[in-house]
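Hello,

Here is the structure I said I would pass on. My notes on it follow below.

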Amino acid sequence: AKEVSRNKYELFAPTMSVQASGRLTIEQELRKAVERDELVLHYQPQVQLQSGLITGVEALVRWQHPKRGMIPPAEFIPLSEETGMIIPIGEWVLRTACRQNKAWQEAGYAPMRVAVNLSVYQFKQPHIVHTIAEILHETGMDAIYLELEITESIAMQNAEQVIITLEELKQLGIQISIDDFGTGYSSLSYLRDFPINRLKIDRSFVNDITNGKDDAVIATSIIAMAKNLNLEVVAEGVENEQQLQFLKNKGCNEMQGYFFSKPLPAESLSSLLSKVT
Ligand code: C2E
Ligand code: CA
Ligand code: CA
Ligand code: CA
């Protein structure tokens, strides 16, 4: 399916049945959404290809709107970024994801990572490392189980400052992955300069991986490059067995996609997890 473009004029259209409200109204509603507890996280498993074990989950935000129903992130994250609302929303996401992962661990499930998408606007906040450290402290979740997904747009920022922030996060024990890898316009030098743990191959490359197209070459090259750089590699958007086998044969570490599971509410995800014995 065509991705909803990150264009403010497409907000709530065409998926919204109700006539789109004015932008101001949406902004005001978004502001109240956090206070009113209307945001919800769904979790999508990341599965190790060799073992079949769930090694992590990605937290993905949705807006449970009282009138409009479940609104996907593509329809409100861009506006949140424009208005600065991404800061409180992003903190809520971090806190909720860490709290949930801690709760799973306390319930006796095998410890795993929780991956949280971090907007570049959040990353640029002067106190971001402090904020994240506070959230870890407050929720009691061990930093080694937190992964931050950042995009290649991070490489367009002041490199010195980015490296300092990433090093501080690494010092805390947090892992960093590059999301939508291969879709940005940046040079690859950041792979050498930034302390990162993982690349996530964008699902646009995984889609046609078994259809004899260039995508297979691109995905294979990303996996080989990641291995040589000692980075883990996760394939996004794996939808069928053939894609899974292809990736496994090429040495991809993990996969995430509808073939294994869609993003699920926390309660439903629990049933996929195994207890420590
Ligand atoms: P993303 O980080 O690339 O997340 C993966 C998206 O692909 C998710 O869409 C997920 O539901 C979808 N997906 C997973 N497996 C498959 C598959 O097999 N096939 C297909 N066709 N799609 C699959 P979702 O949840 O709608 O999120 C869209 C984007 O919104 C995310 O893309 C991310 O960029 C952003 N987003 C979501 N939650 C947050 C958040 O808490 N903070 C920020 N800053 N951005 C978020
Ligand atoms: Ca992501
Ligand atoms: Ca992605
Ligand atoms: Ca994406």
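Predicted model: local features only at pLDDT ≥ 70, side-chain atom pairs only at ≥ 80, totals over all residues.

**Calcium sites and helix contacts**

Donors here are N, O and S atoms within 2.8 Å of the metal (3.2 Å for Na, K and Ca), and water is not among the atoms, so sites may look incomplete.

Residues are numbered from 1 along each chain as its sequence is written, chains are lettered from A and ligands numbered from 1 in the order in which they are written, and side-chain values use heavy atoms, with hydrogens and water left out.

Which residue coordinates both calcium ions? Asp179 does, and the two ions, ligand 3 and ligand 2, are 3.8 Å apart. Asp179 counts as buried, because its relative accessibility is 7%. Buried means under 20% relative accessible area, exposed over 50%, and partly exposed in between (1.4 Å probe, protein chains only). Asp180 has 25% and therefore counts as partly exposed.

Asn117 is in strand β4 (residues 113–117) and Glu149 is in strand β5 (residues 146–151), so the pair ties together parts that are 32 residues apart in sequence. Helices (H or I, at least four residues) and strands (E, at least two) are DSSP runs, numbered from the N terminus. Buried or exposed: how does Glu149 count? Glu149 is buried, at 1% relative accessibility, and Asn117 is partly exposed, at 29%.

Next, backbone angles. Most residues other than glycine have a negative phi. Asp180, in strand β6 (residues 175–181), has a positive phi near 50 degrees. Asp37 also has a positive phi, of about 65 degrees, although it is not a glycine. Asp37 lies in the loop between α1 (23–35) and β1 (39–48) and, at 57% relative accessibility, counts as exposed.

Now the helices. The axes of helix α5 (residues 128–139) and helix α6 (residues 159–172) come within 10 Å and cross at roughly 20 degrees. Axes are lines fitted to C-alpha atoms, for helices over the stretch in contact, and angles run from 0 to 180 degrees between N-to-C directions. α5 and α6 are therefore roughly parallel to each other, a term for angles under 35 degrees. In this contact, Ile128, Val129, Ile132 and Ala133 of α5 meet Thr165, Glu168, Leu169 and Leu172 of α6; contact means heavy atoms within 4.5 Å. By class, these residues are 6 nonpolar, 1 polar and 1 charged. Ala, Val, Leu, Ile, Met, Phe, Trp, Tyr, Cys and Pro count as nonpolar, Asp, Glu, Lys and Arg as charged, and the others, Gly among them, as polar.

Helix α3 (residues 86–106) also meets α5: their axes come within 9 Å and cross at roughly 35 degrees. The contact involves residues including Glu91, Leu94 and Arg95 of α3 and Thr131, Ile132 and Ile135 of α5. It has 5 nonpolar, 2 polar and 5 charged residues.

Regards

Key. Parallel < 35°, antiparallel > 145°, perpendicular 65-115°, else oblique.
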